[in-house]
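This report goes through one protein model, from its overall build to a few local sites. Please keep the sequence and the 3D view open while reading.

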Amino acid sequence: QRASTINLNAGPSPLPDAALLTAAASLLSYSETPGMGIAEISHRSPAFDHVVANANDDLRTLLEIPANYKVLWMQGGGLTQFAATVLNLSAWYRIKHQLQPSDEVEGWYAVTGSWSKKAAEEGARMGVAARKVFDGKKHGAGGKFTSIAPADEWDVPQLEEKSRRPAFVYYCDNETVDGVEFGGVDSETAFPFDKFDPAVPVVADMSSNFLSRPVDVSKYGIIYAGAQKNLGPAGVTLVIVREDLLVDLDEAVQYGGTRVPSMLSYKNMADTNSMYNTPPTFTIYVCSLVLRSLLASPPLPLPSPTSRPLAPLSSFADQKSSLVYSELDSSEGFYAGTADKAVRSRMNVTFRLKGGEALEKAFVKEASERGIKGVNGHRSVGGIRTSIYNAVTLEHVKTLVAFMREFREKHS
Ligand code: PMP
């Protein structure tokens, strides 16, 4: 049993107790290798093979991943994927269209927050012409990332019949810093796939809302997520990639591609079952336990036997975040949510206090004294951010909301 601290950190963030207890015991002695801990066995042993196989199976079940997609466990965090997605898809595109070395490759970015902005910058560094098809800073109130315009207002170039397409369209499903999230499957605020040529692969960064709702994987070329929010400890990044996008990066060099480190090649990773080198075995093991716990004991019952496996987590996230949003909305301006209501995040609830920065500091301090930790906004934007990932319980959120109400009464 650990202290009843309420951990609202944005990442790394809390993980389910049951998974951690098993992980702790397995560090000393793993059930399949008595006397040897899970962090002490070979990544090429049958025992570790089982870990990866189980994790992949559970992930495929939870996310309903179609058979023509590979699941890769990679290193270097989300930031490495800002580059890897571009390098792999540029190579795929150069080979597919047999480009001349001098030909440019375009990548289109929907920039809805700090992380997609950074991804577009990294894409440009990696050599694509990074074009913003939407720029939330220009659209949002006060030049900040607060909203997502309807797709009709995006700057999506109309493609001539014979003109080349971009190699990919990139977006971030949930902006962790700015608290802006696209809607889920079938929602009006979902990513506007129909605005884009279906031949262009869509890349999504789902680092901070991974496993929080059903996803139609078949609409994507690549989905990736750093583990350290809903999946497990930091150190591994999950990449789900459509098989036809896997190419030999060296082959692209004759078409103007650059040499890419072997570790960043999705094809290498797929061909070696993510064991091109030594993967972070313990981290992957903890992820496997988290996945198993999500499957075995969802936070709410499955609405019906035919419901999508992540439906309970989606309802749970709605239920928890709406408690906090109601508190903001009924606070008569004491608290002001930073994101537009239509696109506010279920995972990262960001808000300001009318009383200003001094009061925000007091909020963080008094919350901490009450055992509510990690509520300061990202250092780049300030304010307050309460991150409500899967392992945050309804009780935790109720305690947070009660604290918010008391704080308001005290300081109004
Ligand atoms: N994308 C998103 C949405 C994130 O929230 C983060 C980090 N919190 C990153 C990318 C960067 O991930 P990492 O720190 O693992 O490189």
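## Terms and overall build

Helices, meaning DSSP runs of H or I with at least four residues, are numbered from the N terminus. The model described here is predicted.

The protein has ten helices and 14 strands. Its radius of gyration is 22 Å, close to the 22 Å that the globule rule gives for 412 residues, so the protein is as compact as a globular protein of that length. The C-alpha trace spans about 70 × 60 × 40 Å along its principal axes.

Buried residues make up 46% of the 412 in the protein. Among contacts with a separation of 6 or more, 68% join residues 24 or more positions apart.

## The ligand shell

Which residues lie around the ligand? The shell consists of Gly 11, Gly 77, Gly 78, Leu 79, Trp 115, Cys 172, Thr 176, Asp 205, Ser 207, Ser 208 and Gly 226.

Helix H3, residues 77–96, supplies the largest share of this shell, with three residues. By class, the shell around the ligand holds seven polar residues, three nonpolar and one charged.

## Packing of H1 and H7

Two packed helices are described by the distance between their axes and by the angle between them. For helix H1 (residues 17–28) and helix H7 (residues 281–296), the axes come within 9 Å and cross at roughly 145°. The crossing of H1 and H7 is right-handed.

On the H1 side the contact is made by Ala 18, Ala 19, Thr 22, Ala 23 and Ser 26. H7 contributes Tyr 285, Val 286, Leu 289, Val 290 and Ser 293. The contact of H1 with H7 counts seven nonpolar residues and three polar ones, with no charged residues.

## The surroundings of Trp 108

Is Trp 108 buried or exposed? Trp 108 sits in strand S3, which covers residues 106–111. A residue counts as buried when 20 or more other C-beta atoms lie within 10 Å of its own. Trp 108 has 28 C-beta neighbours inside 10 Å and therefore counts as buried.

Leaving aside residues up to four places away in sequence, Trp 108 touches Arg 131, Val 133, Pro 166, Val 169 and Tyr 170. One of these, Val 133, is 25 residues from Trp 108 in sequence, yet the two are 6.2 Å apart in space, C-alpha to C-alpha.

Note on methods:
Residues are numbered from 1 along each chain as its sequence is written. This is a predicted model: local features need pLDDT of at least 70, side-chain atom pairs count only at pLDDT 80 or more; totals for chains, interfaces and linings use all residues. Helices (H or I, at least four residues) and strands (E, at least two) are DSSP runs, numbered from the N terminus. The radius of gyration is taken over C-alpha atoms; the globule rule is 2.2 Å times the number of residues to the power 0.38. A residue is buried if 20 or more other C-beta atoms lie within 10 Å of its own, exposed if 12 or fewer, and partly exposed in between; C-beta atoms are placed from the backbone. Two residues are in contact if their C-beta atoms, placed from the backbone, lie within 7 Å. A residue is near a molecule or strand if its C-beta atom, placed from the backbone, lies within 6 Å of it. Ala, Val, Leu, Ile, Met, Phe, Trp, Tyr, Cys and Pro count as nonpolar, Asp, Glu, Lys and Arg as charged, and the others, Gly among them, as polar. Axes are lines fitted to C-alpha atoms, for helices over the stretch in contact, and angles run from 0 to 180 degrees between N-to-C directions. A crossing is left-handed if the near helix is turned anticlockwise from the far one by less than a right angle, and right-handed if clockwise.
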